[in-house]
Amino acid sequence: MTSPWSEGQVASVAPDAGSLAAAGKLSAAWSETGSNGGALWGLCQGSGKSPYRSVVDLSGPAYNCSCPSRKFPCKHTLGLLLIWSHGRVPERSEPPPFAADWLSRRAGRAAAPAAAATTTAGAKATERRTERVTAGLDELDLWLTDQIRGGLGAADISASAFDAIAARMVDAQAPGVASALRRLPIVVATRADWPDRLLREYARLHLLVVAHRRLSELPEPLQASVRSHVGYPVATDSVRGEPGVRDRWMVLGMQTTEEKRLFTRKVWLIGRNHGRRAILLDFAHGSANFSTVVPPLGSLVDATVHFYPGAAPLRAQFGDAHETPEPFTTVAPSDIDTALDHFAAAVGADPWVRSWPALLTGVTPAIDDGHWFLVDAEGRALPLSGEDPVLWRLLGMSGGRPVTVFGEWTSESLVPVSVFDRGDVYPLGPGTPSPAAAGSRR
């Protein structure tokens, strides 16, 4: 019998944040819901006379809904998964006819002889999704070609134009590409050098399209990276099945953000022994009540971390903790060259990497003619970027003296996340819990 998913697992299969937000608003629209351990079903009342019939086969997972939505899974099947995760779907021995018919057809296809069914239902679903993604990316490549052929001066670079092609990528089940496209209007509106930046982003997208076409020719880790940047989902259970990396992990950053009632928690870790970087992502809908427990900011914990597959693995799942988290008071020296080398290695392995965690010790924040920098003891400087309150807070906390700054290097600037000073980690942005309480130190 399958245990109810967490909200994070539901979020991981959503085609976009809007679908997940819409799903959360359907909690009162359900009737005749049920689960037999292997499947979910229910009726969701929409604007029409007849309710939509939704079924989820948890063994795939696979989804079916009578609604006309082109998104997959649709908001109704996502809504059914959400109320199941909240414990609001009762156990029933037998599904109703509409669910039993669809489930039996899937079971019949899965049990067919190998000569008649060359792939399983799950493999067929994967193949269909790949075909949709491929068709969508081909359309994107044609759009990119038109943009370049006509010249940026004649191209439609309005927010609505980018939103239209992004919506097409959502329909093609490539939400990662859609997110990249929806960031481009900000580049056009805020950057004086927007033509150069836009061309770089177009080149990055074209490279992703070409890589997806030749996916089978790529090394397996790079295949995983391409699929991740396109937006293919990765099951949490499969990540937990990956070999773990045990280290004494320092929690150097933590932020919670919200968009359309979808809360995202981001936790940055650095291994004290091996120096490996990791990011933990968790999602919750409606409120910031995350289903997983992570060590507090500023703590050190002996734990095993499982990384998502990729050519430059960074996103991870927190595994078993082998001892109680405790605060730490020191970090190993890390200079500008080290931070840039880490970023270069990541981009060399995965050319679509946009940022990489960076730890800089003994640097002083400074502002010159409206431009922000971190300056080391030798006078070398790295540009800073971010919201003004964050940058001024960093300057005020340093008091004009060297501190240790943790953030994300983007190839152009460092976006600061936290400051480590005098044995404590201090968050710079909103939505971050207080550092670990003082106690036994390491």
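## A buried strand residue

Phe420 has a relative accessible area of 9% and is therefore buried (buried means under 20% relative accessible area, exposed over 50%, and partly exposed in between, with a 1.4 Å probe and protein chains only). Phe420 lies in strand β15 (helices, H or I with at least four residues, and strands, E with at least two, are DSSP runs numbered from the N terminus). Phe420 and Thr329 are 91 residues apart in sequence, while their C-alpha atoms are 8.8 Å apart in space.

This is a predicted model, in which local features need pLDDT of at least 70 and side-chain atom pairs count only at pLDDT 80 or more, whereas totals for chains, interfaces and linings use all residues. Residues are numbered from 1 along each chain as its sequence is written, and side-chain values use heavy atoms, with hydrogens and water left out.

## Salt bridges between helices and a loop

The structure holds 21 salt bridges (a salt bridge is a side-chain nitrogen of Lys or Arg within 4 Å of a carboxyl oxygen of Asp or Glu). One of them joins Asp141 and Arg213, whose closest N and O atoms are 3.0 Å apart. Asp141 lies in helix α5 (residues 121-150) and Arg213 in helix α9 (residues 194-213), so this pair ties together parts that are 72 residues apart in sequence. Asp141 counts as buried because its relative accessibility is 9%. Arg213, at 46% relative accessibility, counts as partly exposed.

Another salt bridge joins the side chains of Glu412 and Arg197, at 3.1 Å from N to O. This pair links distant parts of the chain, 215 residues apart: Glu412 is in the loop between β14 (403-409) and β15 (414-421), and Arg197 is in helix α9. Glu412 counts as partly exposed because its relative accessibility is 28%. Arg197 has a relative accessible area of 17% and is therefore buried.

## A strand pair and a network

Arg265 and Asp282 also form a salt bridge, and their closest N and O atoms are 2.9 Å apart. Arg265 lies in strand β6 and Asp282 in strand β7 (residues 277-285), so the pair ties together parts that are 17 residues apart in sequence. Both residues, Arg265 and Asp282, are buried.

One network consists of Arg191, Asp193, Asp196, Arg197, Arg200 and Glu412, joined by salt bridges that share partners.

## Helix α6

How far apart are the end C-alpha atoms of helix α6 (residues 159-171)? They are 18 Å apart, which agrees with the 18 Å that its 13 residues should span at 1.5 Å a residue (the expected span is 1.5 Å times one less than the number of residues). Buried residues in α6 are Ala161, Phe162, Ile165, Ala166, Met169, Val170 and Asp171. Just after α6, Gln173 takes a positive phi of about 65°.

## Positive phi in two loops

Ser411 is a residue other than glycine with a positive phi, near 85°. Ser411 lies in the loop between β14 and β15. At 42% relative accessibility, Ser411 counts as partly exposed.

Arg422 is not a glycine either, and has a positive phi of about 55°. Arg422 is placed in the loop between β15 and β16 (424-427). Is Arg422 buried or exposed? Arg422 has a relative accessible area of 69% and is therefore exposed.

## A positive surface patch

Lys25, Lys75, Lys260 and Arg261 form a positive surface patch. Patches are made of residues with over 30% relative accessible area and no salt bridge, where like charges are joined within 9 Å and nonpolar side chains (Val, Leu, Ile, Met, Phe, Trp, Tyr) within 5 Å. Lys260 is found in the loop between β5 (245-259) and β6 (262-271). Lys260 counts as exposed because its relative accessibility is 55%.

## Two more distances

Arg204 lies in helix α9 and counts as partly exposed, at 23% relative accessibility. Arg204 and Ala180 are 24 residues apart in sequence, and their C-alpha atoms are 9.9 Å apart in space.

His322 is in the loop between β9 (315-321) and β10 (326-327). With a relative accessible area of 37%, His322 is partly exposed. His322 and Ser385 are 63 residues apart in sequence and 37 Å apart in space, C-alpha to C-alpha.

Note on methods
Areas by Shrake-Rupley, 256 points an atom, 1.4 Å probe, with all protein chains shown as cover. Lys, Arg positive; Asp, Glu negative; His and termini not counted. Charge placed at Lys NZ, Arg CZ, Asp CG, Glu CD.
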